[in-house]
Amino acid sequence: MELPANPIPAVVLLLSLLAAAMVAALPVSARLKTRTITYNGFTDCNSNTEKLYLASNDSTLASDALHVTVESDYNPPTNLSGRILYDKSFKLWEGQNDTYSDRVASFNTSFLVTLNRMIAFPNPGEGLTFVVAPDLNLPSNSFGGYLGLTNFTTDGNVSNQIIAIELDTFQEYFDPDSNHVGLNINSVISKNTTSLSPLGFELVAPYGTHNFFNVWVQYDGIKKFIAVYMAQQANPTDPTPPRPDTPILTSYLDLRRVVNQNSYFGFSASTGNSSEINRVLQWNLTVEYYYDVNYLEIGLIVGILTVVLLPALLVLVYYFRKRWLSRRSDRQMSRKVKRMPGMPREFLYKELQKATNNFTMKLGQGGFAEVYKGTLANQKDLEGELPNQKDLEVAVKMFSRKSLEGQEVDFLEELKIINQVRHKNLVPLQGWCYSHRHRKLLLVYDYMPKGSLDKHLYGDADSTPLSWDHRHKITTGVATAIDYLHNHYNKRVVHRDIKASNIMLDAEFNAKLGDFGLAQALDYEKTSYIQSNGVAGTWGYMAPEYVDMGKATEQSDVYAFGVVLLEVVCGRKALTQTNTHPFIVDWVWDLHCKGNLREAVDRRLGEDNTAEAQRFLLVGLACSHPIASKRPKTREIVQILQGSVTMDVPLSRQAYKSSPPVPLGNQDISLATATESTFFTTADYESGSAHVGINIEMQHP
């Protein structure tokens with residue numbers, strides 16, 4: 001739907017109606033708010049605004065926990081009762097307590113508790129509760145089986161106005177056992193109970209051990225329904241487990257008929273002739289509550305609306321104009337894509353949304369995009385014949401940068417390059433999608449079952465390592481792909497982001513170089529330096545001259561491939577995270593200069609492949625030489641990896657010196673002065689020997 005040429009009158013009318021509706025909807029008596037209180041521990045919790053009230057001397061705060069009943073190794077802590085409550089009440093319902101139709105406030109709470117035996121008492125007792133109480137007082141003589149809730153005189157009285165979820169560890173005559181959870185209403189005789197032993201829960205562990213339990217209590221004030229959930233946790237420092245799907249106790253409960261209109265939330269516990277430790281380690285509470293609104297507040301809100309009306313009008317006009325311009329830009333973007341020659345299939349957004357289960361099957365995320373796995377059902381074969389329809393697994397790349405202008409550049413550049421290049425070691429493009437409505441840019445590729453190379457190189461110590469045959473095939477495949485981009489496509493393509501995570505593997509471990517988001521194509525008659533300034537790539541794979549001058553060449557791609565080659569042979573990351581050699585290039589060069597290159601080979605490869613692995617390391621060092629002109633060309637790299645050509649790598653390397661780039665058209669190739677140096681050849685590492693010779697190299701200014 002097109003926006004009107006002058007949206008201001010419509011916006012003014014809309015704002016006027018909105019203001020009138022807000023004023024009409026304002027309450028005259030009370031409305032609900034929500035408050036959340038979180039205690040991840042209880043150190044100095046009374047020094048901030050979220051204070052707790054200790055209703056008796058039998059309770060204390062210590063060791064970053066609520067000790068609802070105190071513990072003592074000297075005086076047996078028998079016949080104790082305690083309550084610890086949040087010191088502010090909440091208004092839980094409105095109107096009269098005999099009104100059944102009106103809703104009451106909802107609340108959700110979760111807490112981590114531990115109940116433990118004491119050495120002096122073979123049997124634990126009595127238990128701990130989560131309680132909603134009318135005041136901050138603790139009833140007298142509420143020890144023993146009364147759990148700090150009631151006493152012999154008051155138990156069962158409706159005037160108690162208490163509900164509690166008990167974790168009971170002592171069997172009274174009215175209890176099912178000594179290990180259960182119950183719902184108590186104005187009495188310690190539970191309305192509903194659930195035995196915990198059949199569920200695999202033991203509230204009190206044997207002496208010297210600890211059980212930790214997460215308990216969730218959720219009350220729905222609309223349905224008037226309470227549910228209790230429980231899960232055991234190994235250690236209190238572990239992350240909180242997810243709440244189970246199935247409650248262990250449920251019941252209908254109308255707060256209006258039980259609790260005081262203004263009530264407090266907290267915990268109570270007791271001991272009797274037996275005793276135990278009753279601790280709360282964490283507590284989260286979210287409560288709806290009613291608050292009063294008067295006409296003065298209504299007038300204030302109306303005044304604020306009047307003041308903000310004009311600025312809001314201007315903001316909305318700006319928004320609608322920007323949206324109109326954005327839609328026009330979207331249409332232009334779509335036309336640009338469709339005009340590109342030889343474009344593959346265009347997908348509908350809803351097709352890809354369904355294929356990826358609403359973009360929930362995430363494979364990975366980079367700086368510019370997110371990638372999702374998808375399954376396209378009933379796809380035709382390559383000739384479009386219907387009899388061979390089958391499901392097709394794909395990888396859907398969704399551009400995620402906030403700036404749409406930046407997305408357009410990345411999207412169109414990648415689409416233009418990947419659509420035109422065709423090579424068995426490049427990730428094939430299946431199609432594209434541009435959604436006006438969702439403002440999303442998507443590319444659809446073949447799905448690679450084995451994932452990215454880095455996942456196999458740096459897996460767990462117990463995982464199966466890549467065999468040497470796979471590593472050989474992968475690196476040779478990547479080298480041929482780069483050689484194709486540099487020399488066999490009608491324009492030279494500089495990838496600019498060659499790294500292990502951008503090398504995908506199909507079911508047979510064939511390498512597929514992907515992610516052309518940073519790639520740029522060059523005409524052959526132009527300089528080899530990309531004209532756009534600014535370094536873009538991944539730290540550890542970027543050549544020193546690229547970092548220095550911000551301009552990428554084919555030789556900076558060769559450097560990145562050299563780093564990948566070292567990673568593959570060493571089984572280490574490009575960034576080694578060590579103080580002496582933060583980069584794998586420096587580490588391997590150092591070992592080579594010391595004549596210890598064998599130490600760099602991944603020990604998981606075995607002795608049979610060590611010689612050839614060292615030969616590949618030499619290729620990686622040659623490719624990662626700090627001087628760009630001394631790196632081999634991609635054609636030479638392919639030949640060397642295939643074993644048809646040998647090469648020399650000096651036992652010392654020159655340091656990179658910053659210098660301005662020289663255009664290729666002005667390069668003078670001159671023979672360097674012959675220097676005597678010790679070096680290893682790729683053939684030497686197979687025979688284990690080294691020799692001294694004359695190293696003559698071609699130098700580029």
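**A helix pair in its setting**

Analyst: Happy to! The protein exposes about 34,600 Å², and carbon and sulfur atoms supply 52% of that area. Of its 701 residues, 46% are buried. The fold contains 12 helices and 32 strands. Taking contacts between residues at least 6 apart in sequence, 69% join residues at least 24 apart.

Please keep in mind that this is a predicted model. Its mean pLDDT is 80, with 76% of the residues at 70 or more. Residues 1–5 have pLDDT below 50, and this stretch makes 5 contacts beyond near neighbours in sequence. The pLDDT is also below 50 over residues 659–701, a stretch with 79 such contacts in the model. Where pLDDT is low, the predicted coordinates should not be read in detail.

Now to the pair itself. Helix 6 spans residues 468–488 and helix 8 spans residues 554–570. Their axes lie 11 Å apart, at an angle of about 175 degrees. Because angles over 145 degrees count as roughly antiparallel, helix 6 and helix 8 are roughly antiparallel to each other.

Which residues make the contact? Helix 6 contributes Trp468, Arg471, Thr475, Val478, Ala479, Ile482 and His486. From helix 8 come Glu554, Asp557, Phe561, Leu565, Val568 and Val569.

Note on methods
Residues are numbered from 1 along each chain as its sequence is written. This is a predicted model: local features need pLDDT of at least 70, side-chain atom pairs count only at pLDDT 80 or more; totals for chains, interfaces and linings use all residues. Side-chain values use heavy atoms; hydrogens and water are left out. pLDDT is the predictor's confidence in each residue, from 0 to 100. Contact means heavy atoms within 4.5 Å. Axes are lines fitted to C-alpha atoms, for helices over the stretch in contact, and angles run from 0 to 180 degrees between N-to-C directions. Helices (H or I, at least four residues) and strands (E, at least two) are DSSP runs, numbered from the N terminus. Angles under 35 degrees count as roughly parallel, over 145 as roughly antiparallel, 65 to 115 as roughly perpendicular and the rest as oblique. Buried means under 20% relative accessible area, exposed over 50%, partly exposed in between (1.4 Å probe, protein chains only). Accessible areas come from the Shrake-Rupley method with a 1.4 Å probe; for residues, only the protein chains shown count as cover.
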